[in-house]
Amino acid sequence: MKTAKSRLGPVEKAIQARDAQAVLSALSTRAQREPSTGCLRWTGNRRPNGYGMTGRGTTNRLVHRTVAWAVAGFPGEMRDFPPVHHLCGTRDCLEPTHVRPATALINVLEASVRNAVFRRVRTLEDALRSLQPDHPALTFPPLAEAPEPLLRAGRVFETPRERLKRKEARDALASRRRENATARFRQVIEVQQLTATGTSERDALVRVGLGRRVYQHWANELKVWLEEDSK
Ligand SMILES: [Zn+2]
């Protein structure tokens, strides 16, 4: 007479051992790689809605949920794991890189929407800059720095490569802002030199090519910077 434990299949045994690699190996014996899509498609039993399943009774599990739960490190009970979505849209796929818990998927979506918005803003800023370089809207802090909580939330599932890319983008932005500030400071000093030698501020601004509001903003920035520098 066999005990309940010895009747456990390789998938349940791997789950009990909390061994994600063994779970994947055990499931892969009933799956086939689709070279054109990279999907690993389940060849075992299915639910009527097309999702692959394994086991029966109390050990009945949806295959793609099992994979996502295992890859996440078996947090809590599988039934409490968030809904799992297929990035490839293929319901019987169990390729680990194609399945994501909804929470991670939301982060991916947020990041892609955010990037699309920033790309659009940069395009519009560049267009405005070429038409009217001193437009006040261009002196606002860059949008890329505004939604910090959103950026922080997105970082939860960030890979090292993504983190490095973000650091590079941040450094490039900081460097652009420094260059912009230096160029503006030069213009402000030029205006101040001209007015000191008798040119009217209005004429000086025209000659240097600065709008009054931009000039006032950067003259103030320069003052603050000089004061900080002399501390
Ligand atoms: Zn797939």
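Trainee: In which loop is arginine 18 found?

Mentor: This is a predicted model, and in it arginine 18 is found in the loop between α1 (10-16) and α2 (20-28).

Trainee: Which other residue has a positive phi, near 55°, and where does phenylalanine 74 lie?

Mentor: Phenylalanine 74 has a phi near 55°, again a positive value in a residue other than glycine, and it lies in the loop between α3 (63-71) and β5.

Trainee: Are arginine 18 and phenylalanine 74 buried or exposed?

Mentor: The general idea is that a residue counts as buried under 20% relative accessible area and as exposed over 50%, with partly exposed in between. Arginine 18, at 43% relative accessibility, therefore counts as partly exposed, whereas phenylalanine 74 has a relative accessible area of 8% and is buried.

Trainee: How many helices and strands does the protein chain have, and in what order do the elements run?

Mentor: The protein chain has eight helices and six strands, and from the N terminus on these elements run α-α-β-β-β-β-α-β-β-α-α-α-α-α. Of the 231 residues of the chain, 31% count as buried. Among the contacts with a separation of 6 or more, 45% are accounted for by residues 24 or more positions apart. The accessible surface comes to about 15400 Å², and 54% of that surface belongs to carbon and sulfur atoms.

Trainee: Are cysteine 88 and cysteine 93 buried or partly exposed?

Mentor: Cysteine 88 is partly exposed, with a relative accessible area of 30%, while cysteine 93, at 1% relative accessibility, counts as buried.

Trainee: Where is the place of cysteine 93, and what does cysteine 93 touch beyond residues up to four places away in sequence?

Mentor: Cysteine 93 has its place in the loop between β5 (84-86) and β6 (99-101). Leaving aside residues up to four places away in sequence, cysteine 93 touches Cys39, Leu40, Arg41, His64, His86, Cys88, His98 and Val99. Cysteine 93 and glutamate 34, for their part, are 59 residues apart in sequence and 9.5 Å apart in space, C-alpha to C-alpha.

Trainee: How does one compare the span of helix α8 with what its residues should span?

Mentor: At 1.5 Å a residue, the 18 residues of helix α8 (residues 212-229) should span 26 Å, and the end C-alpha atoms are 25 Å apart, which agrees.

Trainee: Which residues of α8 are buried, and what covers them?

Mentor: An α-helix has 3.6 residues a turn, so residues three or four places apart point the same way. In α8 the buried residues are Val214, Tyr215, Trp218, Ala219 and Leu222. Seen down the axis of α8, these buried residues fall within an arc of 125°, so they line one face of the helix. What covers them includes α6 (160-196) and α7 (201-208), whereas Arg213 and Lys223, on the other side of α8, are exposed.

How values were computed
Residues are numbered from 1 along each chain as its sequence is written. This is a predicted model: local features need pLDDT of at least 70, side-chain atom pairs count only at pLDDT 80 or more; totals for chains, interfaces and linings use all residues. Side-chain values use heavy atoms; hydrogens and water are left out. Helices (H or I, at least four residues) and strands (E, at least two) are DSSP runs, numbered from the N terminus. Buried means under 20% relative accessible area, exposed over 50%, partly exposed in between (1.4 Å probe, protein chains only). Contact means heavy atoms within 4.5 Å. Accessible areas come from the Shrake-Rupley method with a 1.4 Å probe; for residues, only the protein chains shown count as cover. The expected span of a helix is 1.5 Å times one less than its number of residues. The arc is that of the directions from the helix axis to the C-beta atoms.
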